[in-house]
Amino acid sequence: MAVEKLRIFTWAGYVTAENIAQVNQLLLNKGYNYQVEVITTKAEDADQMFSVIRNQQCDITFLTLFFIKMHGEQISRLLQPININSPRLSNYKHLDPELTQISMGMQQGKPLYIPWGGGVYGFFVNANKVKQQDIPRSVKDLWSSKWRNKFSLNQGQFWYNVGLTLQALDFHPFYLEQLAQKNNRSKLKELLSEHGVVLSKFKKLYNNAGGFWQSSTKFSEDLEIVSSWGPEIKSQNDKGAKWQLIDFEEGHMAWLDTINFVRGLKDEKLEAAEIVANYFINKKVQQRIVDELSMLPAAVNLESRGLLDDYPNLFSADLFVPPYSQLSYSLMQQMVEQVN
């Protein structure tokens, strides 16, 4: 009988050749006629992931939590709830309980996700160049002339920069989405008017930045502060650099990547998928994503949880990026177009 495939769709670096070999051995030992393979297409963003899942190119995905209900919940319709009481999900009990019931990943009281690992849109200062007493304390410092051309921003996921702008104006970073949810168009119009405070503040942030990056952080001599998802920081520090997270008093906007089952998995195939998911939340894999990817792990039974050891509130529920509605997303896109 030919071995059947369980196809995994994930981000670059998340699943190693060793992971694949180990999980396939596990399936074999347990008598399942399934083997995993990682599809060659790497995850990029919500629309691309939706397209790949809709075209039935995968069985297990590593979706960013807020993607699930973005754009009218289009992805959530393609997923099936997780049976968290399955005997094959024995490692589930070691996950941080604050991460297992986040409303944007729930459907009728059942989760469409298993927490895996995440991070923050962090700003890291070069402690070899900047004295401790000079390290910024607030997001607002990014607008000062002192840091002009000395920090970087991510270009692709612009909503984080909109969030920083709102925080600097003493709003919640997701205030635009909160207004959009209430359909408060007059307030949105007032806030985002051409000469309004938000747009002019946003333009100043982009003008003050010394560099932009797309998928991974770029380092240069001129930059004393870099924005990063985290993974690149460790490799730089391993080479002798001294980048440290700036613990902004406003908190950090966070993201969580999750494991999901595509709708239609059942019987033996579903059982095999649960065994695969359980492997990826085991202690060894979770420790690897801390040590090798500088990520924040979902599991709590580890020797070290990375930055969470020093900053336990990084995964603060109200700072997880929300599933933006079409309205707030298009408004933010317009802001970026006006800056560019």
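Val-125 stands opposite Ile-225 in strand S11. Strands here are DSSP runs of E with at least two residues, helices are runs of H or I with at least four, and both are numbered from the N terminus. This is a predicted model, where local features need pLDDT of at least 70 and side-chain atom pairs count only at pLDDT 80 or more, while totals for chains, interfaces and linings use all residues. Residues are numbered from 1 along each chain as its sequence is written, and side-chain values use heavy atoms, with hydrogens and water left out.

Let's start with the sheet. S8 (residues 122-126) and S11 pair in the antiparallel sense over 4 bridges; for two strands to count as paired, DSSP has to find at least two bridges. The open sheet has 3 strands in the order S11-S8-S12, with antiparallel pairing. S11 (225-228) and S12 (243-245) sit at the edges with a single partner strand each, so one side of each has no neighbour in the sheet. On average, neighbouring strands are turned by 35 degrees against each other, direction ignored. Helix H8 lies across S8, S11 and S12, and runs at about 135 degrees to S11. Such angles compare N-to-C directions of lines fitted to C-alpha atoms, from 0 to 180 degrees, using the stretch in contact for helices.

Now look at Ser-152, in strand S9 (residues 152-154). Ser-152 is buried, because its relative accessible area is 2% (buried means under 20%, exposed over 50%, with a 1.4 Å probe and protein chains only). Leaving aside residues up to four places away in sequence, Ser-152 touches Phe-123, Gly-211, Trp-213, Leu-223, Ile-225, Val-226 and Ser-227; contact means heavy atoms within 4.5 Å.

Next, the largest pocket, which has a volume of about 810 Å³. It is lined by 31 residues, and the closest to its centre are Trp-11, Glu-44, Gln-157, Ser-215 and Trp-229. Elements giving two or more residues to this lining include helix H2 (46-54), helix H4 (159-168) and strand S13 (254-262). A pocket is an open set of points on a 1 Å grid over the protein atoms alone, where a 1.4 Å probe fits and protein lies on both sides within 12 Å along at least five of seven lines; lining residues have an atom within 4 Å of a point. The volume is the space filled by probe spheres set on the points, which are joined across faces, edges and corners.

Finally, a word on phi. Most residues other than glycine have a negative phi.

| Residue | Phi | Place |

Asp-267 is exposed, with a relative accessible area of 59%.
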